[in-house]
Amino acid sequence: MKEILMYKQPAGNWKEALPLGNGRLGAMDFGGAWRETLQLDESTYWSGEASEENNRADSRELLAQIREALLEEDYERADELGHGFVGNKNNYGTNLPVGNFYIDCFPEGRPEKEWEEAAGADTVTDFVRRLYLEEARSEVSFKAGGSIYRREVFLSNPAQAAVIHMDTRPGKPFALRIRVEGIASRVGITEERQQDYLIRGQARETLHSDGLTGVNLAGRIRVVTDGYHHLEESGIWVENATRATLLVDLETDMFQPDPEETAGRRLEEAWQKGYERLRQEHIQDVSALYNRMDISLGAEDMRELPTDERLRKQTEGKEDPGLAALLFQYGRYLLIASSREDSPLPTHMGGIWNDNIYNNIDCTQDMHVDMNLQMQYWLAALCALPECYQPAFAYMRDILVPSGEKTAAGVYGARGWTAHVVTNPWGFTSLGWSYNWGVWSLGGVWCAALIWDYYEFTGDKDFLREWWPVLKGAAEFAADYVFPDEKSGFYMTGPSYSPENMFSVDGKEYFLSLSTTCDCILVREILDIIAKGYQELSLERDSFLEKCLEIRENLPPYRIGSRGQLQEWFHDFDEPIPNHRHTSHLLGLYPFSQIRPEEQPQLAQAAYESIRRRLEDFEITSWGMNMLMGYYARLCDGEKALAIYQDTLRRLVKPNLSSVMSDETSMWAGTWELDGNTGLTASMAEMLVQSHGDVIRILPALPDEWRNGYVKGICLRGGQKADIYWRDGIPEKVVLVCGKDEKRLLCYGDQKQEIDLKTGERKEYSWKSGKFEIVQAGLRRQ
């Protein structure tokens, strides 16, 4: 089923524009009639620079003093010391939007006077703009003066270029004016050279760096037309054309020694192929990834309505399960567009798109690793896009590990590597520069866990061997970061936060403590990964593994507090912000599987209580809502998960289906974060199937509103893929394509039965008389 976003009017603002991307270049297409606006972004367009002075020299001494104070439960003293336990921001920088690319169209030829955007608008009829997810291209069409005008935009990964094509039917000549204006820095067309028009810019700003440091940008525009074109002060003019194709590339010197030459070479190769071949190769490239999955969650009777109208009707209470399926695929589309195998960097907070909000507040447009980067990638392997993980893995190995080793040694006296809350392409792994959010040391551990996630879904042992040093380095840090406490008998972590949250003692609020539940979850997870990795790779048992096992078995356990909640801290502290946006003490429930409700009902009930308390006036964020959906999915409560989904649509999802961080009145000013959409897709997938250990759970949290549907091509841990069909909330057919020989438990509701899977085999089951029966088994169909 082809998924399309469709609108009857141009975008009036950023949250109505349509996102396009090739993993490095991003564009927000506003889709006007006589004026097209494309906001262009490039993932390496960063201000700032690398620094060897992000870690403070006295950090190790402060670490010991703070630990001593916290062991004595002297939180006042720890708080005083903690204000110095931070990193140096230096020229940290931020990813900046490049600029707006304006294309003005003149249907009667070049005007004698300056043309205004509104001129001729009343002559336009049948206007429609679309985003075709399967083909990753936008299209605008309308009628005017007896002609049909059509414009198409796509950002090609094979060509590494943006392609904008315009034509009329019948071929009535038109004129174009093309301009480039920087948004947060000075960017513009500078000169004409041979066949191309050069774009230059510098990523410079003064809030997150000194205004003198950052990358240099070089880009090119090539015009291919049956008319003629030239450069004037007012822009590039194309005249007497019935069709025109613009090829655009932007490059920086972050990784390219000669960005101008690179852009020229790429446009020359694209020009040699021509528009039709570029289009064909682009569609083949994207659709090969996108079409690995298909989903239906019920009726599609609102499919022909404009997307913004569908969203409005849904928020007014009209059921539209087809919109939920569209949002599911939209998250996959956005990850494909922002993170490809050859992407130079992983996604930042906005993916590769930038609404220029974070650049103007303390929270930069960077990689946050206390939740956001991880959530942006959770759907990758689960939703049949494991290749999209690769930029995050390369970033860890090439940038975070070398810098993080220095931070681990300098701040903690530890082996291995670490990262804290925020990171950037310049290798920032230090403590954050602000005490109220920066003291949390397990961002690197959580990032490394993504490597194991990939392995669990693919079973690729060559991959695991290749990336084992990154995993082991994260575990080495964790093993050295913990320390034994004779009083409690546990290995303790800290000083640390439960990310960005506070507790109170005797009516006073504090940040720092030891062994927050979040810390213990992550240390336990990475040590458990190491134990499994030794087994998977047939490595000899050694002293490091022995130490990991000892620590894992002697970490503080989960605890249930006096209010029936899962404790967020080692002690049952009072909670001054019970509705806090972070729920990191529940990570053992989701995304990890340390808490399994069927096996640990008391902990599951405590998690329920923690969620209930948070939901009382919850501090709404897009990723926070996605976590709540994920928790309810793991607790097999589909109706509560659906209620969170519906509340997300009502509060956060905008006309272009972007799920923004918060409303415009918050300190985040309604900025878009990519994890709002990718995290939504991941949590929806958890409602449909879960696979941990030896259990495959079918439709564990299916709400009644999605009672009829199917999902095809969803991936399971162990290397299996599944197609699941259901009617009236009951599975009709389950098809498994087996990745390896193993026995699993296939579960639906309270029923479990053992199944025997063989490598490459395709097995089809039907649900009859309260159990799964084999309908067909045989070799996998190619």
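## Largest pocket

The largest pocket is lined by 43 residues, and Trp452, Glu456, Lys532, His692 and Arg717 lie nearest its centre. The elements that give two or more residues to this lining are H10, helix H12 (517–536), helix H17 (675–688) and strand S29 (742–748). The model is predicted. The pocket holds about 930 Å³ of space.

What is the make-up of the lining by class? The residues of the largest pocket's lining divide into 13 nonpolar, 11 polar and 19 charged. Two domains take part: domain 2 (55–88 + 369–562 + 573–578 + 597–611) and domain 3 (697–779) each supply at least three residues.

## Helix H10

Which element gives the most to the lining of the largest pocket? H10 does, with 9 residues. This helix covers residues 443–458. Its 16 residues should span 22 Å at 1.5 Å a residue, and its end C-alpha atoms are 24 Å apart, which agrees.

H10 is mostly covered, with 14 of its 16 residues buried. Just after the helix comes Gly459, with a positive phi of about 65 degrees.

## Leu522 in helix H12

Helix H12 also gives two or more residues to the lining of the largest pocket. Leu522 sits in this helix. Is Leu522 buried or exposed? Leu522 has a relative accessible area of 1%, so it counts as buried, the cut-off being under 20%.

Leu522 can also be placed against a residue elsewhere in the chain. Phe592 is 70 residues away from Leu522 along the chain, and their C-alpha atoms are separated by 9.3 Å.

## Second largest pocket

The second largest pocket has a volume of about 520 Å³. It is lined by 28 residues. Nearest its centre lie Trp437, Glu500, Arg581, Met667 and Trp668. By class, this lining has 15 nonpolar, 7 polar and 6 charged residues.

## Cavities

Rolling a probe the size of a water molecule over the atoms shows where empty space is left. How many cavities of 30 Å³ or more does a search of the whole structure find? The search finds 8.

The largest cavity has about 100 Å³ of space. Its lining has 13 residues, and the closest to its centre are Thr517, Cys520, Pro556, Pro557 and Tyr558. By class, the lining of the largest cavity has 7 nonpolar, 4 polar and 2 charged residues.

## Second largest cavity

About 80 Å³ of space lies in the second largest cavity. Ala33, Cys105, Phe142, Tyr149, Arg150, Arg151, Met166, Asp167, Thr168, Phe174 and Leu176 form its lining. Which strands each supply at least two residues of this lining? They are strand S8 (147–156), strand S9 (161–169) and strand S10 (174–182).

The residues lining the second largest cavity divide into 7 nonpolar, 1 polar and 3 charged. Among the charged ones are Arg150, Arg151 and Asp167.

## Annotated C-terminal domain

An unreviewed UniProt entry carries the annotation "domain: Alpha fucosidase A-like C-terminal" for residues 690–755. Over residues 690–755 the chain is 0% helix and 62% strand. The end C-alpha atoms of this stretch are 16 Å apart.

Terms used. Residues numbered from 1 in each chain as written. Predicted model: local features only at pLDDT ≥ 70, side-chain atom pairs only at ≥ 80, totals over all residues. Heavy atoms only, no water. UniProt positions renumbered as here; feature names shortened; annotations may be inferred. Helix = DSSP H or I, 4+ residues; strand = E, 2+ residues; numbered from the N terminus. 1 Å grid on protein atoms, 1.4 Å probe; cavity = no way out; pocket = protein on both sides within 12 Å on 5 of 7 lines; lining within 4 Å. Points joined across faces, edges and corners; volume = space filled by probe spheres on them. Expected span 1.5 Å × (residues − 1). Buried < 20%, exposed > 50% of the residue type's maximum accessible area, 1.4 Å probe, protein only. Domains from an automatic or database assignment.
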